[in-house]
Amino acid sequence: CRKQFNDRTGTPMARLRTSSTIVTLAMNVRTEGMGVRATGRSFGKSHSTILRWEERLANQLNQWSPTAPETADLTVEGDEVYTRVGENLP
């Protein structure tokens, strides 16, 4: 078919020129509360680029998050989960 494919083909990261590591780090600091413009300055990108990344990933949210069971009233948030293995170390 003479088409080229890579590890991003068919994913929300398809056709992005920025490495997925940078996009992931940028989305993580946005999740932690850093502003859009500050995130753009920190990663050397425009604030509109950061917003486009967020929109692109938000459109795929239903594929990443499992739906809640219909028979139970259950809410689990990742930041509330705590696991300790062995002993606490600094």
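Select Ala26 and show what surrounds it: Ala26 touches Thr39, Phe43, Ile50 and Trp53, not counting residues up to four places away in sequence. Touching, or contact, means heavy atoms within 4.5 Å. The model is predicted, so local features need pLDDT of at least 70 and side-chain atom pairs count only at pLDDT 80 or more, while totals for chains, interfaces and linings use all residues. Residues are numbered from 1 along each chain as its sequence is written, and side-chain values use heavy atoms, with hydrogens and water left out.

Now zoom out to the whole chain. It has four helices and zero strands, in the pattern α-α-α-α along the sequence. Helices (H or I, at least four residues) and strands (E, at least two) are DSSP runs, numbered from the N terminus. Of the 90 residues in the chain, 17% are buried. Buried means under 20% relative accessible area, exposed means over 50%, and partly exposed lies in between (1.4 Å probe, protein chains only). Among contacts in the chain with a separation of 6 or more, 40% are between residues 24 or more positions apart.

Next, select Met13, Leu16, Val23, Ala26, Met27, Val36, Ile50, Trp53 and Leu57. These nine residues form the largest nonpolar core. The elements giving two or more residues to this core are α1 (20–31) and α3 (47–58). A nonpolar core is a set of buried Ala, Val, Leu, Ile, Met, Phe, Trp, Tyr and Cys residues joined through side-chain atoms within 4.5 Å.

Is Trp53 buried or exposed? Trp53 counts as buried because its relative accessibility is 5%. Leaving aside neighbours within four places in sequence, Trp53 is in contact with Leu16, Thr18, Ile22, Val23, Ala26, Met27 and Lys45. Draw a line between the C-alpha atoms of Trp53 and Val23: these residues are 30 apart along the chain, and the atoms are separated by 7.5 Å.

Move to Glu54, also in helix α3. With 22% relative accessibility, Glu54 counts as partly exposed. Leaving aside neighbours within four places in sequence, Glu54 is in contact with Met27 and Arg30. The side chains of Glu54 and Arg30 make a polar contact (2.4 Å). A polar contact is a pair of N or O atoms within 3.5 Å; within protein, one must be able to donate a hydrogen and the other to accept it, and residues adjacent in sequence count only if both atoms are side-chain atoms.

Then show α1 together with helix α2 (residues 36–43). Their axes come within 10 Å and cross at roughly 145 degrees. On the α1 side the contact is made by Ile22, Leu25, Ala26, Val29 and Arg30, and on the α2 side by Val36, Thr39 and Phe43. Axes are lines fitted to C-alpha atoms, for helices over the stretch in contact, and angles run from 0 to 180 degrees between N-to-C directions.

Within helix α2, select Thr39. Thr39 is buried, since its relative accessible area is 0%. Not counting residues up to four places away in sequence, Thr39 touches Ala26, Val29, Arg30, Met34 and Ile50.

Finish on Ser42, also in helix α2. What does the side chain of Ser42 reach? It reaches the backbone oxygen of Ala38, at 2.9 Å. Ser42 and Val29 are 13 residues apart in sequence and 9.9 Å apart in space, C-alpha to C-alpha.
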